[in-house]
Amino acid sequence: MTGVLVILEYRGTWSRLSWEALAAATELARETQQPLIAAVAAGPDDEVAAEMATKSLQRGIVARHELLKQYTVDGFTIALEQLVRKLDPAYVVLPHTYQVRDFAPRLAAKFDQMLIADAIGLRFEDGRPVWVRQLLQGKLNADYRHSGEGPCFVSIQAGAFRTDSLTGGATEIETFTPELAASQVRMKPEAPFRASEQTVDLASAPLIVSVGRGIKEKDNIPVVEELAQALGAELGASRPICDNGWLPMERQVGSSGQTVSPKLYLAVGISGAIQHLVGMKGSKTVIAINKDENAPIFDVADYGIVGDLFEVVPALTAAVKKVRLA
Amino acid sequence: MGSPRAGQEAFATNMKILVALKQVPVRDSSLHIDSSQKWIDEEDLSFEVNEPDAYALEAALLLKDKHGGEVIVLCAGPDRTAPSIREALAKGADRAIHIACDDLRELDTLSLAHRLAAAIQAEKPDLVLTGLQSDDLGLGQTGVVIAEILGIPHATIIMEVEKRDRHVRVKRELEDGWFQWVTMPLPALLTIQSGISKLRYATLMGIKKAKTKEIRRIEASDLGPPRRSSVSLDRVYLPPKKKAAHLISGSPAEAAARLTEILKHEVRVI
């Protein structure tokens with residue numbers, strides 16, 4: 001059992017998170033002095049080999065099959081189980097995408113392993129990896145260590161590892177053909193779709209004022225809406241606001257909504273759950289208004305006001321209007 | 001393992017749905033690391049049903065409202081789980097199974113999933129629902145691993161469930177606002193996303209009725225010995241501050257005035 005296997009994600013295009021997982025796997029392979037192998041599951045005609053060949057790897061493998069063209073839990077789990085058994089790696093590293101969340105725990109369980117899901121960091125003690133995860137919605141960090149026999153499965157959170165450390169290479173890409181029959185795949189997937197036509201484009205908005213749970217009820221939304229208007233900003237929201245139907249889903253910022261990178265992101269009553277942070281941490285300037293000084297949003301904010309949003313926001317709206325009129 | 005229930009005709013109309021619930025510390029609790037440095041001090045904490053699990057129960061009750069059938073809740077934990085179990089019964093679940101144990105923090109996901117799966121197997125439900133992840137550990141895999149142990153198909157991050165003859169058609173959430181419908185045969189396991197519908201409250205009548213509903217207690221030891229963990233949690237600690245936000249103090253008006261200055265002269269957006 002040796003080697004670091006990183007399983008990349010291709011869904012018509014490469015999942016950007018694949019390269020962050022590759023960065024984590026590269027570091028792991030270097031520190032544990034083990035060969036680095038990258039693999040991807042793809043359909044017969046998916047053009048994945050060329051891109052993989054440019055990476056610095058010991059081996060690059062495409063698991064190709066008609067039944068891997070479209071993702072299913074069963075198809076991916078069966079194919080990747082065969083590949084992992086064949087390669088017998090010490091580590092299996094995956095990007096923490098929605099697809100990986102769907103199949104990787106099941107894949108790991110086939111090896112009697114628990115997935116160390118959503119790791120945000122990696123360090124080494126006596127040459128052995130210690131994985132850092134967040135608990136209780138980011139309020140605590142925890143160190144996890146693999147102690148069992150069999151491969152260690154880890155998934156890597158978005159934004160945790162930088163891809164600029166990756167160096168180029170020229171890897172020969174091999175093909176692996178799993179034994180897979182249509183009768184083994186129990187799920188019948190339909191084509192993915194988007195909920196509705198998008199009428200706001202938060203992704204390109206230069207200024208965003210975003211509202212979260214702290215607003216308490218729908219009738220209070222105008223408090224934040226007025227600030228957005230005064231600033232000429234688009235209105236965004238965290239997930240619970242859209243779940244409650246207080247604002248349409250197209251205004252949701254975060255892993256299940258929009259990824260934004262405005263010049264200014266002003267977060268009002270948003271505590272900063274990780275799913276939200278991954279959607280907005282590319283913002284140039286972040287300002288947070290929140291009553292809880294320990295809220296994780298302040299860790300990514302440049303400026304903050306700890307206070308009651310129902311006092312601070314109207315005062316801010318008035319002050320901004322005053323400057324605008326001056 | 002995971003063989004369909006006997007009497008297939010019966011389940012075409014009446015589904016037996018099992019919902020696995022976990023208790024977690026009440027949201028926004030103030031947390032203190034305990035002396036072992038491996039978990040939080042639970043002494044003074046209040047607990048509630050993990051939010052995604054509450055939505056899993058809601059999804060089960062909606063299916064029951066529409067198609068009839070039976071909803072069974074399953075919860076592993078110490079005696080403090082009793083109010084959460086009663087609440088689920090008051091909301092409309094028909095009966096409950098409580099796996100009595102106080103060793104949850106010593107178990108990894110696999111061990112816990114094996115324990116839950118053993119209890120589920122005895123019930124042979126058509127559908128097993130649970131939340132997509134817990135608010136405390138957030139590993140998001142207990143449900144998926146249970147499906148693997150039971151040998152049944154699963155789907156995660158589910159927004160809607162449509163019951164078909166001997167199948168379910170479910171709406172999966174994908175990234176960036178995309179969705180996908182997937183159909184799979186029963187029995188199956190689904191992990192439910194938070195916020196899929198409004199949560200119902202228990203009615204007075206429901207609370208009254210709940211008192212007569214069965215809560216079966218199973219000792220964890222009757223479900224087999226705990227397994228050796230493949231992963232250990234060594235230490236918990238406060239996350240290091242990544243970036244010190246410049247905090248603006250003063251009264252709301254003073255802070256607002258100062259922030260407006262910053263917006264004008266430093267961020268340059270007004």
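Author: A residue is buried if 20 or more other C-beta atoms lie within 10 Å of its own, exposed if 12 or fewer, and partly exposed in between, with C-beta atoms placed from the backbone. By that rule, buried residues make up 52% of the 326 residues in chain A. The model is predicted: local features need pLDDT of at least 70, side-chain atom pairs count only at pLDDT 80 or more, and totals for chains, interfaces and linings use all residues. Residues are numbered from 1 along each chain as its sequence is written, while chains are lettered from A and ligands numbered from 1 in the order in which they are written.

Reader: What makes residues 109-123 of chain B a helix, and what span is expected?

Author: Helices (H or I, at least four residues) and strands (E, at least two) are DSSP runs, numbered from the N terminus. Helix α4 of chain B has 15 residues. The expected span is 1.5 Å times one less than the number of residues; α4(B) reaches 21 Å from its first C-alpha to its last, close to the 21 Å expected.

Reader: Which residues of α4(B) are called buried?

Author: Among them are B:L110, B:L112, B:L116 and B:I120.

Reader: How many residues of chain B are said to be in contact with chain A?

Author: Two residues are in contact if their C-beta atoms, placed from the backbone, lie within 7 Å. On that basis, 66 residues of chain B are in contact with 73 residues of chain A. The largest share of the side of chain B that touches chain A, ten residues, comes from α7(B).
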